[in-house]
Amino acid sequence: MAGVRRMGTGAQRSSEESCIFCKIRDRAAPSYIVYEDEKHIAFLDAFPFSNGHTLVCPKRHGETIWDMEETDIAELFQVASRVSKAVVAAVGADGFRFVQNNGEAANQVVAHVHVHVIPVKMADRGTFGGRRSFTPQEMDHTARGIRANIPAATN
Ligand SMILES: [Zn+2]
């Protein structure tokens, strides 16, 4: 799109070949996948802010939300909403955050569009703590819980 300023993602500016999320999509990198359909994939964040922190991505590689068609942006958030219900149910959260960063200045770390779904409990209200670490067993247990709670598509 001529005239639209692109947001730099610095060293992370990447092609599909070097993109970790594309590798996860293609099963060329390990992850805990919790949801997948024709156009989207969701998996646990490897460096979660809370138990159940999930990333929802379009399968098609694009750096920022400006690289997507508006109808695809709408669909991405529909899927994120669906996934959020499963995440909240699986971990017994009291609320959740959507976070969607675009550009290095916004702390976008991986240059492939993604929506963070971050479940929050009342006890953690008002805080936005650092990255947490869970064992593979804990990650697997959480992923299974989310998968078991994915609601059926309504469209
Ligand atoms: Zn990618």
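Residues are numbered from 1 along each chain as its sequence is written. Because the model is predicted, local features need pLDDT of at least 70 and side-chain atom pairs count only at pLDDT 80 or more, while totals for chains, interfaces and linings use all residues.

**Exercise 1.** State the order of the strands in the open sheet, and find which are the edge strands.

*Solution.* 
Step 1. Strands (E, at least two residues) and helices (H or I, at least four) are DSSP runs, numbered from the N terminus.
Step 2. Two strands pair if DSSP finds at least two bridges between them.
Step 3. The open sheet of 5 strands has the order S1-S2-S3-S5-S4, with antiparallel pairing.
Step 4. The edge strands are S1 (33–36) and S4 (95–99), since each pairs on one side only.

**Exercise 2.** Trace how S2 is joined to S1 and to S3.

*Solution.* 
Step 1. S1 and S2 run antiparallel and are joined by 3 bridges; Ile-33 stands opposite Phe-43 in S2.
Step 2. A hairpin through 3 residues connects S1 to S2.
Step 3. S2 pairs with S3 over 5 bridges in the antiparallel sense, and the bridge partner of His-40 in S3 is Pro-58.

**Exercise 3.** Decide which residues of S2 point one way and which the other, and whether they are buried or exposed.

*Solution.* 
Step 1. A residue is buried if 20 or more other C-beta atoms lie within 10 Å of its own, exposed if 12 or fewer, and partly exposed in between, with C-beta atoms placed from the backbone.
Step 2. In a regular strand the side chains alternate between the two faces of the sheet.
Step 3. His-40, Ala-42 and Leu-44 point one way from S2, and Ile-41 and Phe-43 the other way.
Step 4. All of these are buried: 5 of the 5 residues of S2.

**Exercise 4.** Classify the angle between helices H2 and H3.

*Solution.* 
Step 1. Axes are lines fitted to C-alpha atoms, for helices over the stretch in contact, and angles run from 0 to 180 degrees between N-to-C directions.
Step 2. The axes of H2 and H3 (residues 136–149) come within 8 Å and cross at roughly 125 degrees.
Step 3. Angles under 35 degrees count as roughly parallel, over 145 as roughly antiparallel, 65 to 115 as roughly perpendicular and the rest as oblique. H2 is therefore oblique to H3.

**Exercise 5.** Is Asp-140 buried, exposed or partly exposed?

*Solution.* 
Step 1. Asp-140 is found in H3.
Step 2. Asp-140 has 13 other C-beta atoms within 10 Å, so Asp-140 is partly exposed.
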